[in-house]
Amino acid sequence: MMVLEFFIWGAWLPPLFHLMGAKDGLNFTAGQQTAIGSCFAIASVLGIFFANQFADRTFSSEKFLAFSHLVGGLAMGGLYWVKDFPTFFALMLIHSLFYVPTISVANSLAFANMKDPAKEFGIVRMGGTIGWIAASWPFFFLLQDKTGAEQINAERLAFLVAGVASLVLAAFSLTLPHTPPKKAEEGAGEKLAWLEAMKLLRVPFILVLFVVTFIDATIHNGYFVTAFGFLADVGFQGKHIMLIMSLGQVAEIATMAILGGVLARLGWRTTMIIGILGHAARYAVFAFFSHNLPVLVVVQVLHGICYAFFFATVYIFIDAAFPKDARASAQGLFNLLILGLGDLAAKWLFIPLMNSWKVTVGTGDQARVMTDYSKLFLVPVGLALFAAALLLLAFRPPKEIAAGGLTAPPH
């Protein structure tokens, strides 16, 4: 399930912005590209109020996944033939509206069928990383020797591949363990699962985690906004950058495999703090060692720690901290930050800074203007240190949360 879930996303996302901006491709304006790039954020917001409510209390999880991937797959496949902005935007929005909620529902289905989520989820979620790599690496080799219109035509195949993968997952979902909806007991809670999830933000330690997750999601998404241009500016060839960045996903496989043991030894708070500090370390290396290309390659492995030790741990924690009949909505609530608001905040923060903080490098004919990365990357370093300190000082979950089937102590 996880392999196919993230294979879909990993197939179409890497070439999307190049396809939209290329003159030989869709040739969309910057505003049109931003609108299409915001579809995931829109879906994250709407998914909280609608889709996850149905997943929690109306439909069994496996049927919800099957229907969502069927509709989302047809919309994604249709993008292969579309070239005008209105239709492209409409199909991408439809795909996002049906795909984004499946990420949290897939998490909830996995947790519902595990005996020990703290030990088992890292291994299962590792399949998602494998799926992403399986989708993106073949396209690198497929595109390596192509240019111009030939390259664009090859890139467009990504939509067809993602659409077919989504239809395969729709069929496969019907073979997953039956996971019925959790009906709200009469008088026992809110009839709306998303409202039940949001009400828990009044609990101090959950509110702290919510704020920290937003900060960390902004930092995390900022990496994808800045890294490609940064690596190109410091001297890497474009055809190598995608492989270099994917080293972090390879490292993520190993990190996911040990996540259960780390949680059992270190607990919630310490594990998440290490994940946040991974961001601070990676950005600090970018800021102070930008001319040491081998170090820039090696530091990509910190991505595994950044993702698994924070985001995957957050998903496991949600399963322990939230009521059973609101867990998919709670997963969606935090996905709103990770996939939606954090992504938008990263674009609003990093893109203006990249355009305003410029320096001239070289002299004469060799002179060129580029972003002052040593200054830019200190911003996420500071944000990461602040988030880690906030988590250290203010995140105090009660010990009884560990009774939700987790072996890791909640500290």
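Note on a predicted model: a helix pair and a salt bridge

1. In this predicted model, helix 10 (residues 204-233) and helix 16 (residues 378-394) have axes that come within 10 Å and cross at roughly 160°. Angles over 145 degrees count as roughly antiparallel, so helix 10 is roughly antiparallel to helix 16. The crossing of helix 10 with helix 16 is left-handed.

2. Which residues make the contact between these two helices? From helix 10 come V208, L209, V211, V212, I215 and I219. By class, the contact of helix 10 with helix 16 has 14 nonpolar residues, no polar ones and no charged ones.

3. How many salt bridges does a search of the whole structure find? It finds one. The pair is E252 and R125, whose side chains meet at 3.8 Å, N to O.

4. Are E252 and R125 buried or exposed? Both residues are buried. As a general point, side chains of opposite charge can pair when their charged atoms come close.

5. For the protein overall, the secondary structure consists of 16 helices and two strands. Of its 411 residues, 55% are buried. Taking contacts between residues at least 6 apart in sequence, 81% join residues at least 24 apart.

Technical notes. Residues are numbered from 1 along each chain as its sequence is written. This is a predicted model: local features need pLDDT of at least 70, side-chain atom pairs count only at pLDDT 80 or more; totals for chains, interfaces and linings use all residues. Side-chain values use heavy atoms; hydrogens and water are left out. Axes are lines fitted to C-alpha atoms, for helices over the stretch in contact, and angles run from 0 to 180 degrees between N-to-C directions. Helices (H or I, at least four residues) and strands (E, at least two) are DSSP runs, numbered from the N terminus. Angles under 35 degrees count as roughly parallel, over 145 as roughly antiparallel, 65 to 115 as roughly perpendicular and the rest as oblique. A crossing is left-handed if the near helix is turned anticlockwise from the far one by less than a right angle, and right-handed if clockwise. Contact means heavy atoms within 4.5 Å. Ala, Val, Leu, Ile, Met, Phe, Trp, Tyr, Cys and Pro count as nonpolar, Asp, Glu, Lys and Arg as charged, and the others, Gly among them, as polar. A salt bridge is a side-chain nitrogen of Lys or Arg within 4 Å of a carboxyl oxygen of Asp or Glu. Buried means under 20% relative accessible area, exposed over 50%, partly exposed in between (1.4 Å probe, protein chains only).
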